[in-house]
Amino acid sequence: MKLLVDFPDGEEFILASSLEKVERSGPRGPDALVRSGRYGRVHDLRGAITYYRLTGRLANLLYSLNTTNTEFLPYQFKPVLQFLESPVKGLVIADEVGLGKTIEAGLIWTELRAREDARRLLVVCPAMLTEKWREELGSRFGVRAEVVNATELKARLSRARENPREEFALVCSMQGLRPPRDWDQPDGPQTPTAKLGRFLREAEVEDELIDLTVIDEAHYLRNPSTLTNQLARVLRPVSEYLVMLSATPIQIGSRDLFSLLHVLDPDTFQHEQLFDYTLRANAPLVKLRDAILRGPVSQESFVAALEEVRGSDLFADNEQIRYLLEEPPTMDDLSDPGQRSTLSEQLDRINPLAKVVTRTLKRDVQTKRPTRDPVAIRVHMSPDERAFYDRMSHSIRQYCEQQEVSEGFLLTLPQRQMASSVPAALNHWLERGERAGMFDAEEAEELDLGWGDDAAGNEVAPASEFMQHIVREASAAGDPGVLEKQDSKYRELVAALKRYWKTYPRSKVVLFSYFKKTLNYLAARLAREGVQACVLYGGMDKQEVLRDFQDPEGPDLLLSSEVAAEGVDLQFSSVLINYDLPWNPAKVEQRIGRIDRIGQHAERILIWNFLYADTVDERIHDRLHARLDIFRQALGSMEAMLGDKISGLSATLLTHDLSAQQQVEKIEQAALAIQNEKRQREALEEQATHLIAHSDFIQKKVQAAHDLGRYIQGADLLAYVSDFMDREYPGTRFIGSAHDPLEVTAELAVDARADFVRFIEQEELRGTTRLFDHHPPRLKFENRVAHREGKLEIVSQGHPLVRFVTAGLKSRGGVSPYSLVSAIQIDAARIEHRLKGTWVYLVSRWSVEGVRTIERLEYLLFPLEADGVVDSDTAELVLNTAALHGDDWLGAANLVPNDLAADRAEDCRHENERRFTRFLAMQDRENGDRIRMMVNALTAHRHSTERKIRERIEGLRASGNQKKTRMIPAEEGKIAKLNRKMDDRIAELKAQEQVRGDNREVSAGLLRIVD
């Protein structure tokens, strides 16, 4: 026979034979303890709070807060909160460049590991960013990641398929995983990427192989027909959670946003037309939310707005809207700032897009943004330089017209190389000579000349003859020695650097050029003058170069190509030199964004733009860049549109023999078109940004979590572990250090050591602690990720010792070892809100189980001998402060009448129950709406997936190929497996339609605040 046992953290059926009768010895419940004056100590309050924080998964606690090697910036936790609330198990982070999307993704992984014991992470990013991701995951988040290729990824996923406890953190390049064309055909290619693609497709109807997949630079997925997009679509079904980082703007009518959401959840976001309808149906809901946040609104306007929302099919059966119409907020509620804030959050929860997309702009978070100070340094060529430049420019255009050459990169590349550095261009052409038959993809990519993926690495037929023509013409047009000696641009550069370093010695300077030959030329010449520089371009060890440059004793000048610098953080420098100027304003902004980033402490950023005077580059600067004001303010996410505009402009300017005035007219036409497009896009983005969750409100929630102490500290962990060990394993000792109480030497009792070893083996955590070494390190209880290196081992919330204690508590029925009541006193100077006197407090754990399990700690604080109650946030702050800094109030039972304290505690319980009942009803309505949406999405997923499989079956059957027809039973088996999986999930959701709530006391008692 089993009996239902009521444990502090939930009910559980236990065999009667395993229960032992215990005689009561005195008062046990909190009320009886208070009435008898049997109070615990401050240690019990702190321990009880920590116990529920670590054994539960509290919704109002940020487990990633203050645990990583990152600066606390509230906006970077906004995606964490949105991710936890996402109805589609994923998120698009579309923050503006330079705000730290990599850190935001790392915080999400940190949160997921703490809440769900997530073990498998995959990061997919452009090849040039793989090492940056590997390094940042390690240094900032304590994650030992590996960079792997398609073959290695398939092997690791195969192991995860066999062993659900397999752990990994892998970083892969998009290029290295992208499947080839026809990869999904039965007789398709046998390349590693094709095999990986087929493996992922076969696994799509099984349990997820990856806990979290992060796709960086996800705007590369915006075209559904590309192979990169196909890669993301086969990764999605095998990933439980997906986070995409993108510079894509949030715009109504934009296919880019829809394309990303379709990858995130192809069933919820099936059709572009439906997506557009969803955006518009949400508009009145968001308008109401914004009005409430701005100030009081009337009850009539509130109801009218919700009636308009319910008029759409999307919200016709929404339980949350129905309730708000039946029980609209009172005028007092609509006038009270706190109630309006809560109400706006309720409205955000109704909006299905509010928790799927998050976007932060620099203007929203940088109160003291550095001023951009651009200077145009106009270089006047010497007569020899001018003659060479004009002759080569005319010769190139004339050759292309006569030979009818139309390849844009052929026309553009040599002229842009001259604009970078005349002597470097000449040296480059002469060195290549007759052997230089073609331009490679790297040169074209450096200039952003618009090569598609398919063109990368291809040779172009006219290139050989064209290059030979350039070599012959350059040999006759210029003398390398003369042009180097007369290098006007180089002389201006050296003069500018010397002036700057005379005023700001040892300051770091970043110089960009898109021409590798220019970088090497400058490095060699500067070295001869005693100026050491780091050089960075494709194919080099980027991290090693950057470490050398960032070293205070290292070179003060970085010479970099923009290809290699993508994704590089250089905010420790405040001077940027454009030695040559990209025509595409988006590329200019990309360069400036390397130093104009969060973490840039300079008040002013210097931007030096070097230009040859009286050239098309100078006209581009004056008529396009200056008009758009791109050096002072970002243009926003217009990269794709700008690429097309500048590509057309380049072709016009460089293939036609235009006069200077004609060039100016063409440039101004392009500038006007870009300005108009920019205004239209900003208007669309302003509308669409209002459709996602309110940014300021979310950031205030994060700041509140930080200020209220809603995170776990090292002292909490030490008390949590030592209390358990003292009680369960007598003889275990943690010997504190004289200089740091959180640094201890651990001496485990024999049975503790044996049980801990067994736990390590069972959980497959070998190698995660050095406590069993012959000379074990000292332990530092600090809830911050770190590698286990040196003489100390950091014990954070994910450390095996903490996990061992948590597992031990749960295996023993989850009974808290702490007294349920305490009496505490604290100095009023410690309390921000200047409360005084004696108070009755109650801390309770609310738990709601439905499609999601939501747990939270709720705090109440009542004056002992007066009416009223302080607000929840103030109560939480006061009680957390008391738990950390308070003292035992040993005379409480003698100074406070027990019955008075017990009666006031009962008032606390009544208020707590009233609040919990409202919370449970709200969660019940949200749960019903969420389940309806999820069932609809699963049904759509079943139909779309089965349709694709049946189409494959028909293709196999129609082929008439015996080898292919033998594959039909396996495909039919996938349908059967899919239907079983979908039936199980829908049945599971249906079983969760009725929410279950639990309201338990964590700690209660008296708090005296004394002067």
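Asp755 is partly exposed, with a relative accessible area of 22%, where buried denotes under 20% relative accessible area, exposed over 50% and partly exposed the range in between (1.4 Å probe, protein chains only). The residue belongs to helix H33 (residues 750–762); helices (H or I, at least four residues) and strands (E, at least two) are DSSP runs numbered from the N terminus. Beyond its neighbours within four places in sequence, Asp755 is in contact with Tyr729 and Phe804, contact being defined by heavy atoms within 4.5 Å. Between Asp755 and Gly808, the C-alpha to C-alpha distance is 9.7 Å, although 53 residues separate them in sequence.

The structure is a predicted model, in which local features need pLDDT of at least 70 and side-chain atom pairs count only at pLDDT 80 or more, whereas totals for chains, interfaces and linings use all residues. Residues are numbered from 1 along each chain as its sequence is written, and side-chain values use heavy atoms, with hydrogens and water left out.

The protein contains 39 helices and 24 strands. Of its 1011 residues, 55% are buried. Among contacts between residues at least 6 apart in sequence, 77% join residues at least 24 apart.

In soluble globular proteins, nonpolar side chains tend to be buried together. Nonpolar cores were identified as sets of buried Ala, Val, Leu, Ile, Met, Phe, Trp, Tyr and Cys residues joined through side-chain atoms within 4.5 Å. The largest nonpolar core has 59 residues, and those with the most contacts inside it are Val721, Met725, Leu779, Phe781, Leu861, Leu1007 and Ile1009. Helix H2 (residues 42–55) gives the most to this core, contributing seven residues. Apart from this core lies another, of 53 residues, which includes Trp501, Leu511, Leu606 and Trp608. With neighbours within four places in sequence left aside, Met725 is in contact with Pro730, Thr732, Phe734, Leu748, Ala752, Leu801 and Phe804.

Helix H2 packs against helix H32 (residues 714–728) at an angle of about 95 degrees, with the axes 9 Å apart. Axes are lines fitted to C-alpha atoms, for helices over the stretch in contact, and angles run from 0 to 180 degrees between N-to-C directions. H2 and H32 are therefore roughly perpendicular to each other, given that angles under 35 degrees count as roughly parallel, over 145 as roughly antiparallel, 65 to 115 as roughly perpendicular and the rest as oblique. On the H2 side, His43, Arg46, Thr50, Tyr51, Arg53, Leu54 and Thr55 meet Ala715, Asp716, Leu717, Tyr720 and Asp723 of H32. This contact comprises five nonpolar, three polar and four charged residues, where Ala, Val, Leu, Ile, Met, Phe, Trp, Tyr, Cys and Pro count as nonpolar, Asp, Glu, Lys and Arg as charged, and the others, Gly among them, as polar.

The axes of H2 and helix H34 (residues 800–811) come within 10 Å and cross at roughly 95 degrees. H2 is thus roughly perpendicular to H34. Tyr51, Leu54 and Thr55 of H2 make the contact with Val802, Thr806, Leu809 and Lys810 of H34. By class, the residues of the contact of H2 with H34 divide into four nonpolar, two polar and one charged.

Rings of Phe, Tyr and Trp (its six-membered ring) pair if their centres lie within 6.5 Å; planes under 30 degrees apart count as stacked, over 60 as edge-to-face and the rest as tilted. Tyr579 and Phe610 form a tilted pair, at 5.7 Å centre to centre and 40 degrees between the planes. The pair links distant parts of the chain, 31 residues apart, with Tyr579 in the loop between strand S14 (575–578) and helix H27 (585–592) and Phe610 in strand S15 (residues 604–612). Tyr579 is buried, at a relative accessible area of 0%, and Phe610 counts as buried at 1%. Phe734 and Phe781 form an edge-to-face pair, at 6.3 Å centre to centre with 85 degrees between the planes. Phe734 lies in strand S16 (residues 733–736) and Phe781 in strand S18 (residues 778–781), so this pair ties together parts that are 47 residues apart in sequence. Phe734 is buried at 18% relative accessible area, and Phe781 counts as buried at 0%. Phe724, Tyr729, Phe756, Phe759, Phe772 and Phe804 form one aromatic cluster.
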